[in-house]
Amino acid sequence: MGDMTNSAVDFYPKNQRGESNHAGEFGCSLDELRSLMELRGAEGVQKMQDTYGDVNGFCRRLKTSPTEGLAGNPADLENRKQIFGRNFIPPKKPKTFLQLVWEALQDVTLIILELAAIISLGLSFYQPPGERSEMCGSAAGGVEGEGEAEAGWIEGAAILLSVFCVVFVTAFNDWSKEKQFRGLQSRIEQEQKFSVVRGGQVIQIPVSEIVTGDIAQIKYGDLLPADGVLIQGNDLKIDESSLTGESDHVRKSADKDPMLLSGTHVMEGSGKMVVTAVGVNSQTGIIFTLLGAGGEEEEKKDKKGQHRGPPKSRHKSKKQDGAAAMEMQPLKSAEGGDGDDKEKKKAGSSKKEKSVLQGKLTKLAVQIGKAGLVMSAITVIILVLYFAIDTFVIQKLQWLPECTPVYIQFFVKFFIIGVTVLVVAVPEGLPLAVTISLAYSVKKMMKDNNLVRHLDACETMGNATAICSDKTGTLTTNRMTVVQAYVGEVHHKEVPDPDAIPSKTLDMLVNAISLNSAYTSKILPPEKDIGLPRQVGNKTECGLLGLVLDLKRDYQTVRDQTPEEKLYKVYTFNSERKSMSTVIKMQDGSFRMYSKGASEIVLKKCSNILNTAGEPRGFRPRDRDEMVKKVIEPMACNGLRTICIAFRDFPGSPEPDWDNENIILIDLTCIAVVGIEDPVRPEVPDAIKKCQQAGITVRMVTGDNINTARAIAIKCGIISPGEDFICLEGKDFNRRIRNEKGEIEQERIDKIWPKLRVLARSSPTDKHTLVKGIIDSLHGERRQVVAVTGDGTNDGPALKKADVGFAMGIAGTDVAKEASDIILTDDNFSSIVKAVMWGRNVYDSISKFLQFQLTVNIVAVIVAFTGACITQDSPLKAVQMLWVNLIMDTFASLALATEPPTESLLMRKPYGRNKPLISRTMMKNILGHGIYQLTVIFTLLFAGETIFNIDSGRNAPLHAPPSEHYTIIFNTFVLMQLFNEINARKIHGEKNVFDGIFRNPIFCSIVFGTFAIQIVIIQFGGKPFSCIPLQIDQWLWCMVLGVGELLWGQIISSIPTNRLKFLKEAGHGTQKDDIPEEELNEDAEEIDHAERELRRGQILWFRGLNRIQTQIRVVKAFRSSLYEGLEKPESKSSIHNFMTHPEFRIDDSQPHIPLIDDTDIEEDAALKQNSSPPSSPNKNNNAIDSGINLTTDTSKSATSSSPGSPLHSLETSL
């Protein structure tokens, strides 16, 4: 990378470079620091010693202090920003409004319309030479008079105008969404804070404020915001896979490998570093600058940025516009039916695979589009034939050269009518409705404390059937307080008086708690006078520090005597150890180690216990069992977390081998066991009850002891006495799901998960296994949709695997947030219920819109078609059709997509993946209203002139003036749609369609607004809209027919759906998802439909697909929004490529025996869960699992497949 970096110098502003080379006031220049950060390990240490002496010398050169940090005066900070740069990587430029307009113009239907309009315009200005002769025939009611000839251009111009309207509306929508997404993104970024030491105080500052020379405190779960050199570290392990692709965690220490790089994750331990490079000068920034140099290379930047850019900076440049530009037009290419193939090919590789809803919609839109295409083709053919037969056969005219322009004009008119039918048939409003609905929901969900990172997560949440929740912080308040203690062989039921504890024991306890905890954990005075003290840092440690304060001691004085740098060795807490230990050197040269951790685990390692006098006495296994029964279980049954605190002394010489934990962490002496209470959040029981009513099973997965977990689960209402459920511990769970060879079997998981409610003492791998087991399960009639909550780094794999991952905004680590789809900004379970409500609301909004849109489509197409065939002229003109299209697409999608959710949404079961979008009730409504509207319109068309006593508008000449007759038909049609829009608000057959209508001001204003514009069009629209002003009584009749819709709606809703047997097919016909959606959604390369029919029967097909689907879903969550397709041959492959390979089927036709732990390789890589069983079966399973013959070396490289590496991109493009 060295050579790359040097060339990067060219991309910096000249003045910055000039300054950097002779950084006057600082003892090292930008270039020196940059070259220092390129070194690793021993080389780095060597360079530090040669150039700066040691870390302190280095800090002096940077004018900072390892203990006090920067002074923090603004002038100095600004100066540093000028010389060493700001901690900000400039994002990619957003698309301009004109680019978006150009994209909107790519729509096939619009292009057809534009062509038709231009031809129509051209012909209307073309005057055939000489007098119009009678020889050309008086086809279809004669030729126009002189006055109308002038007005011929209006139709073409009006079509063009309405096309521009549609384009601008679409472009404006995309533009505002992009803006919203950027706003959302910058909010996420501003909220990201980091701890630095300034003026001797630890303060939290936004990541963008970090400057070179800052002393930053790093701890487990952090995403490093800048490059730095480690000053002091405890057991620090870093995951550098996002930069280097190496999945093994790298141990960092001040004397062996002190270089820390931005964008890497802290997986264990804690420490302090001095920041050496920020923003574009950090290792991540350099890669970004190289990739993004110059505008013409923008594309490459996005393609390559994925390889190495670490998550944070990758977000900055990409998620913003990527999300906005691509996610935002979920179905763009579906609308034009097949014409969009070329575009699909381009966009396909970069599209995110669609959610359930989008899959169903794409399929539906394509089906409707095809039907429309057929109808419009038939219309044109019939019109042309009719004209030809009438003119040349019946009137026996010859085709004369001078008549050609006249005939062409007729043909163009027919073509325009055909296009009109197509325009009405294709539901351009679908993508718009989806987008508006999702964007609106996302915006509103922010208010409900849900920060949605992936748009479709919001809608998937509506289908959720299971939630696997953490206990701490989600179900409970995460304010830990010690309420019971067993110390000095006495069980105190509340916090004991300091005098009641032997003084030796008390000192030992205070030291053990104060020193053996992260120094970042503190208890600060309350913000308000009356509030509770603020707990900062790890909440369990804060609970223990609170105990020290309750014992009238001060932990800060103890810490001051032994500052963090003096700690000899720290074994930080991780999910395998389940304990934390700190070694300090005593004055006499000997060592003392303090330990704390889960009581069952630490007690097993204790061989002594402090007695009533504070002296150690023997502690035998028998004593331990008694203690578990008498002390730990009663505490746990009250829902307390039990923590054991212990110590051990070591001689000074010979010094023990600290790296061999097995000989260090034994023979401990127990000081005390404390019970920590974490009260259940008051609103949780109610929220869980709502989930259960809504058909969602809540399961609790926690690292706590089973009795504690059970007690909390009962308090929350997850389990209630008398129910049939099971609570398991991690090891029982593992024993039950594995066969003799230690491999996980899906059948075994299927026996357990339906009744499992609590999984206690679980490791992150167990959580992942459970989530995967539930998702892959075929038990029950439909696939489960699982949501998972998590806050720790170790929850990453489970969050990624789940259909929707919720990360905690307050307690969550950056790694967890990175893996999640939705961030709960208040860490509260009841916000998840809100997400379910919004998700279901999105689904319902789309259904409402569909019900409305399809009614209009069916009616308009049939009217245009039959009208054209019988009267050679569509009763609804092209421009009128476009206005109808505007109402029913743009406005209706706005009105129906912004309905606010109601509590009643939680009273029904989830829809599931295979439920058709158009239910039987909706089908009944669509057909019912269609029949009413057609009856009215045909009656008006063929008998209107007699009813209203006006001239007939049928068989008008080519450029005839508008007739009252057709104006009445158009007006009635629009008014019926308006009133039907009110009917469409209810899709489950409710009687009261006005229920809650005023809660949605957007809906009301759109309905009234449309009505007002309609009056203007009719009264003043004139020639362009082919309208003529109507009398007041004609208006009233139109209104009556419109209101009839509402009455007719009541009649329809009182017919029981189950009587109408024939509807069943119709409902499912549009939407029977018998092929797993992922396959239909493949935009990249549409598989041929006939071919699909052939394969439909093959079960293998399904199996293979399900396997791939599982893979896809895993990959889904980790991409921030989308990877704009890596230009690598393998990354272009779509599922269909795999499907056409013969080995694809063979692979799965062998009976599939799930091998060990179906953890996907890249997850293991991302968060190295060593605890999972041996990895070779794993690799091999990955190959079988996805049904892709990965060779073994691919699976090795897959281990490096962090979200930034090429292999990841291969999975992504799936």
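Leu385 counts as partly exposed because its relative accessibility is 48%, where buried means under 20% relative accessible area, exposed over 50%, and partly exposed in between (1.4 Å probe, protein chains only). The model is predicted, so that local features need pLDDT of at least 70 and side-chain atom pairs count only at pLDDT 80 or more, while totals for chains, interfaces and linings use all residues. Residues are numbered from 1 along each chain as its sequence is written, and side-chain values use heavy atoms, with hydrogens and water left out.

Leu385 is found in helix α17 (residues 356-394); helices (H or I, at least four residues) and strands (E, at least two) are DSSP runs, numbered from the N terminus.

Strand β19 (residues 640-650) is mostly covered, with nine of its 11 residues buried. Strand β16 (residues 591-598) runs antiparallel to β19 and is joined to it by eight bridges; strands pair if DSSP finds at least two bridges between them. In this pairing, Gly597 stands opposite Cys644 of β19. Strand β20 (residues 668-677) also pairs with β19 in the antiparallel sense, over eight bridges, and Arg641 stands opposite Ile676 in β20.

The largest nonpolar core has 116 residues, of which Met461, Ile718, Phe806, Phe829 and Phe970 touch the most other members. Such a core is a set of buried Ala, Val, Leu, Ile, Met, Phe, Trp, Tyr and Cys residues joined through side-chain atoms within 4.5 Å. Helix α34 (residues 829-871) gives the most to this core, with 20 residues. Apart from this core lies another, of 35 residues, among them Met480, Val510, Ile523 and Ile645.
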